[in-house]
Amino acid sequence: MSAGGAFGGNRGVRPVPPEKGVFPLDHLHECDLEKKDYLACLKSTGAQSEKCRMFSKKYLECRMGRLACLLPV
């Protein structure tokens with residue numbers, strides 16, 4: 001029997017980059033403006049994310065747009 005978890009992840013082993021999250025890191029800072037707008041909104045509203053939903057959506061749309069450029073056609 002393998003040492004992996006129920007869903008394929010190894011317990012106690014640090015994850016490799018593809019397992020860390022859905023989006024690749026934004027090394028080129030292509031979505032910094034959207035990120036700054038979202039963080040500024042969170043700060044001004046006392047971290048009430050529901051009031052910053054439109055900024056969150058813009059940031060995620062930016063990230064998804066960049067992700068689409070990375071995928072093979």
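**Note on the disulfides of this predicted model**

1. Both C41 and C52 are buried, where buried stands for under 20% relative accessible area, with exposed over 50% and partly exposed in between (1.4 Å probe, protein chains only). These two cysteines form a disulfide with their sulfur atoms 2.1 Å apart; a disulfide is defined as a pair of cysteine sulfur atoms within 2.5 Å.

2. The model is a predicted one, in which local features need pLDDT of at least 70 and side-chain atom pairs count only at pLDDT 80 or more, while totals for chains, interfaces and linings use all residues. Residues are numbered from 1 along each chain as its sequence is written, and side-chain values use heavy atoms, leaving out hydrogens and water.

3. The disulfide of C41 and C52 is left-handed because the torsion about its S-S bond is about -90°. C41 lies in helix α2 and C52 in the loop between α2 and α3, so the pair ties together parts that are 11 residues apart in sequence. Helices (H or I, at least four residues) and strands (E, at least two) are DSSP runs, numbered from the N terminus.

4. A disulfide also joins C31 to C62, with an S to S distance of 2.0 Å. This pair links distant parts of the chain, 31 residues apart: C31 is in the loop between α1 (17-20) and α2 (32-44), and C62 is in helix α3 (residues 53-70). The link of C31 and C62 is left-handed, with -90° about the S-S bond, and both C31 and C62 are buried.

5. In total, the structure holds 2 disulfides. With bonded cysteines counted along the chain, their pattern is 1-4, 2-3.
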